Amino acid sequence: MADFDQELDASGLNCPLPILRAKKTLGGMESGQVLRIVATDPGSVKDFEAFCNQTGNTLLDSGEEGGKFVFRIQKS
Amino acid sequence: MTKKLAIIATKGTLDWAYPPYILASTAAALGYDVQVFFTFYGLQLVRKDLSALKVSPLGNPGMPMKMPFGPKGFRDINWNIPNFIQANVPGFESLATALMKQTIANNGVASIGELRELCQEADVKFIACQMTVELFGFSHSDFIDGLEYGGAATFFEFAGESDICLYV
């Protein structure tokens with residue numbers, strides 16, 4: 001079983017698009033659901049942390065996989 | 001209590017179109033209530049036709065002049081073109097603008113039209129300065145829908161209660 005409910009591929013997108021797409025995707029999800037995001041923008045590492053701190057969503061984990069940045073965010 | 005961001009957008013070039021739209025769309029995504037007041041050359045950012053947005057390397061020593069195509073070694077060259085050549089070659093600005101747009105696309109950076117739409121989708125409120133609309137001979141039909149028209153007092157009504165107020 002996958003450890004997320006939805007996935008967003010933000011590869012190739014640059015600031016602020018990964019954040020804007022994530023916000024939009026989270027908007028269509030239920031509270032408690034988990035969104036997995038894949039991004040290539042190195043700035044997104046700090047940005048998703050800041051996004052979660054300010055929006056109350058939980059950043060479950062953030063890491064690198066095959067040269068890409070992967071995040072899991074749980075909707076508040 | 002919802003935080004508020006007020007921005008005054010005064011520049012009408014392709015490069016300076018980015019800061020207001022990036023900050024406004026991001027703040028909206030973070031839950032801010034956002035208003036952008038477009039005045040003077042900033043009015044170019046809310047026109048239906050965005051083709052007037054250009055980038056000028058002339059008199060802008062901070063702008064790297066690099067090619068968006070070709071092998072890496074070629075792309076890394078910074079073309080140091082003297083001001084007097086930039087000023088005298090017809091179409092130099094259009095060429096620089098075309099190259100900049102290609103660089104923007106290559107880097108996965110959104111276009112201004114795209115960022116503007118994202119702002120509107122996120123309920124960022126746009127206000128155009130009525131005085132400069134008239135001063136520059138524009139009519140309301142030159143501008144996108146969803147724009148409000150007002151003056152300095154309209155801006156202060158929101159800006160006076162804002163948490164962040166930026167002049168771009």
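Chain B holds an open sheet of five strands in the order β4-β3-β2-β1-β5, paired in parallel. Strands here are DSSP runs of E with at least two residues, helices are runs of H or I with at least four, and both are numbered from the N terminus. Two strands pair if DSSP finds at least two bridges between them. At the edges stand β4 (147-150) and β5 (164-167) of chain B, each with a single partner strand, so one side of each has no neighbour in the sheet. From one strand to the next, the twist averages 20°.

This is a predicted model: local features need pLDDT of at least 70, side-chain atom pairs count only at pLDDT 80 or more, and totals for chains, interfaces and linings use all residues. Residues are numbered from 1 along each chain as its sequence is written, while chains are lettered from A and ligands numbered from 1 in the order written.

Now zoom in on one pair. β1 (residues 4-9) and β2 (residues 33-38) of chain B run parallel over six bridges, and B:Ala6 has B:Gln35 in β2(B) as its bridge partner.

| Helix | Partner | Angle |
|---|---|---|
| α7 (residues 152-159) of chain B | direction of β1(B) | about 150° |
| α1 (residues 17-27) of chain A | α1 (residues 14-29) of chain B | about 30° |

The axes of α1(A) and α1(B) are 9 Å apart. Their contact (C-beta atoms, placed from the backbone, within 7 Å) is made by A:Ile19, A:Leu20 and A:Lys23 with B:Ser25, B:Thr26 and B:Ala29.

Methods: Axes fitted to C-alpha atoms, helices over the stretch in contact; angles between N-to-C directions. Contact = placed C-beta atoms within 7 Å.
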